[in-house]
Each structure stands twice: as C-alpha cells, then as structure tokens.
Amino acid sequence: MLDKSLFICYSTPNYSKLTNLFLDSLNCINVKNINHKLDNPNPDLLKKSGFGTDLWYYCVRNKINHLINVLNKYDSLSDIKYFIFSDCDIIYIKNNINEWYNLEEIILNNNKDIYFMKEGSTNQVNSGFFIIKNNNNIKNIINFFMEVLQIFDKTCKSKMPFGDQSIINNLKNKLNYGFIPNDYVIFGAVIYNKNKSLLHHAVCCETIDEKILQINKIKTEF
C-alpha cells in the first residue's frame, strides 16, 4: 500500500522539531512519495502558537487548501492509488509495517471513498489523518473539501472550535466514508493494539515539547 500512495502534509517553521520526527518516521517505513508544503506565515502569526491560536486556525485552514491543490492534479497522478493526508504530529511505527497490507485489505473490501481516523473511541472524525482512494469519485472528494474551505472562511472561530475538523464532522454524511479501525492507531497515550499499531497521533498536548515527550514515551513501547 505504501508504495502506491502519495503522502500529503503541511507544516510551518515553528513545527520543525515535530516535522523532522514525522519525516524521519516516514523514511523508516520507506515512504518516498511525499508532497510536503512548508508554509511561511506572517511573522506576527508565529509569535503565539498552540491550539486555538490565530496561527493554529491559519494552519488548519491552509492544510486543507494544500490538500485541494494536490488533489486537483489527480489526472497527472493516475499511478497513485491512495492519497494519504497526514498531520506532522504523527509518527509512523516501523515494527508493524506489514500491517499496512491488512489495512489495505480492509479498504479494498469496503466500498468507501475516504477512510478517516476516529477521534479516540468516538464516531467523530479526527482530521489529522485520512486515506482517499484515487477512484472515479475523486471529484466529489475535492468538492467536499472545497466546501469545507468555503464554510471555514465565513465561520467565526467560536462556532468551529476544532477548525476544519468541526466542519468536516458537520458535513461528513455527504461523503461515502469509513473509519480506519482503532487497532491501527495510537491516539495520544492510548494504544489500542500494540501488535497492529501503524501510527501514533500525538494529541491532548498543549505544546510542541509536550507532544515530543508523548512521542518519546510511546516509542519506548516499541
């Protein structure tokens, strides 16, 4: 599956420590096909980082814009079977690399166009990681994310506390979507299945340093 995928990701300079860990982990599972946009926001935005700041809203908005720009080139990316969007606070786990074959079997055996990570044990979408099939419905996926962006741009922050994720959850029934089984995910400090875990999303942290501490703690389990 990995050799048939294009990983799409977005980051800003303040995230460099995490981004380097993220890219190193992709390298460890032999992922070479990566479209990474390193954005350079206005320096005033970079003065304050973290969840809910102006920088955070800027980033979650522009990561969707980057995704749309990449997907719009799908005609020239016909050799790509899957588009995998990933936040840069995700670390990929080499130990269970063969489980990607099993995840692909699940995706192939279920007729969905997009597979989201769950928000923990809920049936809500976490927009930090998802897998899009490059199939005949890709235009619908592009139109969906364009609608997310349009709504984002005219919605006040208080009405979208989780940014793009709030909007995606409100609109998700417009998609033919499924969820990635939690066995393949480590969500924050929660390891659902140590023998199947493919990726760790560092969440429930206030700062970048806290995310790195969580990442290092999870690494000791593998």
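Predicted model: local features only at pLDDT ≥ 70, side-chain atom pairs only at ≥ 80, totals over all residues.
**Entry 1: the open sheet.** I started with an open sheet of four strands, and I read its order as S4-S10-S8-S9, with mixed pairing. Who stands at the edges? I found strand S4 (90–92) and strand S9 (190–191) there, each with a single partner strand, so one side of each is left without a neighbour in the sheet.

I zoomed in on strand S8 (residues 185–187) and S9: they run antiparallel and are joined by two bridges. Phe-187 is the residue I saw opposite Val-190 in S9.

Then I looked for a helix on this sheet. Helix H6 (residues 208–219) lies across S4, S8, S9 and strand S10 (199–201), and it runs at about 150° to S10.

**Entry 2: a parallel pair.** Next I checked strand S1 (residues 5–11) and strand S2 (residues 34–38), which run parallel with five bridges between them. Here Cys-9 sits opposite His-36 in S2. How does the chain get from S1 to S2? I traced it through helix H1 (residues 16–28), and this β-α-β crossover is right-handed.

Entry 3: Which residues of helix H3 (residues 99–109) are buried? I listed Glu-99, Trp-100, Leu-103, Glu-104 and Ile-107. They cover an arc of only 145° around the axis, so they end up on the same side of H3. Tyr-101 and Asn-109, on the other side of H3, are exposed.

Key. Residues numbered from 1 in each chain as written. Heavy atoms only, no water. Pairing = 2+ DSSP bridges. Contact = heavy atoms within 4.5 Å. Axes fitted to C-alpha atoms, helices over the stretch in contact; angles between N-to-C directions. Right-handed = clockwise from strand over helix to strand, strands pointing away. Buried < 20%, exposed > 50% of the residue type's maximum accessible area, 1.4 Å probe, protein only. Arc of directions from axis to C-beta.
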